[in-house]
Every structure is written in structure tokens, then in C-alpha cells.
Amino acid sequence: PPSSNSGGMRGDRDYDRGMRFLHGRGEVVMDLKEGVCHLKASADAGHAHALFELGILCANGKGVLWDDGEFDRLMRQAANQGLASAQLGLGFRLFHGKGIPRNNIEALRWYRRAANQGLADAMNNVAMCYCDPNVLPLDHGEAAYWLRLAAPQGNLLAQFNLDAIKGAGLPPGRGTA
């Protein structure tokens, strides 16, 4: 997968400083304004984690103006660099139409990218898309496949959903005997 630190050493340094200021880590006193300043410098250098964190701040209006368009721009940049958490976040916003137009098919593409990197929450979301006839044709076997990948990672929602599929006597899914 692509490097999540394409911002180089400068981007890494600004990202680390920004996170220390945002959370008051180490000997650094929490200072939201200073943290955002460092994150912006890191994001401008293309650092995927900084793009993601700044996007989250934009979505919540914390330290920066609440701006769904800026969230979308930042999250897409981070997601396109291969950052699984950004892919999941973008998929979630697209699936639920939070601040950006709802698009279940594009959401599923982003969920799958994150799931293919091993992110259990994304695996659960892919599975749930196969249980919703408004998104995909129903395929409980495919849903069970993704849930069996997520559940052993300790994802409680995936464990619950897998038990529900088993309890309903639905097909076990691909990769089972």
C-alpha cells in the first residue's frame, strides 16, 4: 500500500508536534490553535495522517471552522494515499450522507479498500451492505465471509452480526465447509 507519510520528514515532524499540542502529550501543554497550525503544515506537505486528523477537526468544527467540503477534500486525499481509517471515514460519510451527498456504491468501494487492509470496522460495514437490499442484492453468505474476518479481531459488532446470521440459519458463506 502507498506510504501514509508522503509528507516526508517535515510532514512527520509537524504531524507529531500537532498531535502533541492537540492532546497535551509529553511536556507539551494542550493548545488547539498551535496543534491545528502544525497539522495544517503537515497536511500541506501531503501527510496522510495529518490530512485525516485535520478532516476530523473540520467535520467536528474543533479548532477550525466546521466545513463539510473541506472534510471531504482532506479525507479523500488521505484515503487516496491508502490510509484505511480515512477510507472507512469517507465510506461512512458517503453511506449515511453526512455533509456530502449519499452514495452507497462509492461508500462500499471505500469500505472495501479499508477492509482489504484488515480494518475490522470496514469489514463489518462491507458485510452489512450485503444485508441491505437497498445497497446490494442480498447475499448473507458474503456477509458472513466478511464478518468471519472481522469477528476474530475483537470487533463486537461483527461478532453480534455473525451470531445473528448463524442464528437465522442463513448460508455460512464462502470459504466454509
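Predicted model: local features only at pLDDT ≥ 70, side-chain atom pairs only at ≥ 80, totals over all residues.
1. A polar atom of the His47 side chain lies 3.3 Å from the backbone nitrogen of His49. His47 is found in the loop that runs between α2 (32–44) and α3 (48–60). Is His47 buried or exposed? With a relative accessibility of 1%, His47 counts as buried.

2. Next, have a look at the aromatic rings. How many aromatic pairs are there? The count comes to two. One of them joins Phe95 and Tyr111, with 6.2 Å from centre to centre and 40 degrees between the planes, and this pair is tilted. The label follows from the angle, because planes under 30 degrees apart would count as stacked and those over 60 as edge-to-face.

3. Where do the two partners sit along the chain? Phe95 belongs to helix α5 (residues 84–96) and Tyr111 to helix α6 (residues 104–115), so their pairing ties together parts that are 16 residues apart in sequence. Phe95 is buried, at a relative accessible area of 13%. Tyr111 is buried too, and its relative accessible area is 2%.

4. Tyr145 and Trp146 also form an aromatic pair: their ring centres are 5.4 Å apart and their planes stand at 80 degrees, so this pair is edge-to-face. For Tyr145 the relative accessibility is 23%, so this residue counts as partly exposed. Trp146, at 7%, counts as buried.

5. Arg102 lies over the face of Phe95, 5.2 Å from the ring centre.

6. Please finish with helix α8 (residues 140–150). Which of its residues are buried? They are Gly141, Glu142, Ala143, Ala144, Trp146, Leu147 and Ala150. Trp146 in this list is the partner of Tyr145 in the edge-to-face pair. What do the buried residues of α8 pack against? Their partners are α6, α7 (120–129) and α9 (156–167).

7. Which residue caps the N-terminal end of α8? Asp139 does, with a side-chain oxygen lying 3.3 Å from the backbone nitrogen of Gly141. Gly141 is itself one of the buried residues of α8.

Key
Residues numbered from 1 in each chain as written. Heavy atoms only, no water. Phe/Tyr/Trp six-rings, centres within 6.5 Å; stacked < 30°, edge-to-face > 60°. Helix = DSSP H or I, 4+ residues; strand = E, 2+ residues; numbered from the N terminus. Buried < 20%, exposed > 50% of the residue type's maximum accessible area, 1.4 Å probe, protein only. Lys NZ or Arg CZ within 6 Å of the ring centre and 35° of its normal. Polar contact = N/O pair within 3.5 Å; in protein donor to acceptor, adjacent residues only side chain to side chain. Contact = heavy atoms within 4.5 Å.
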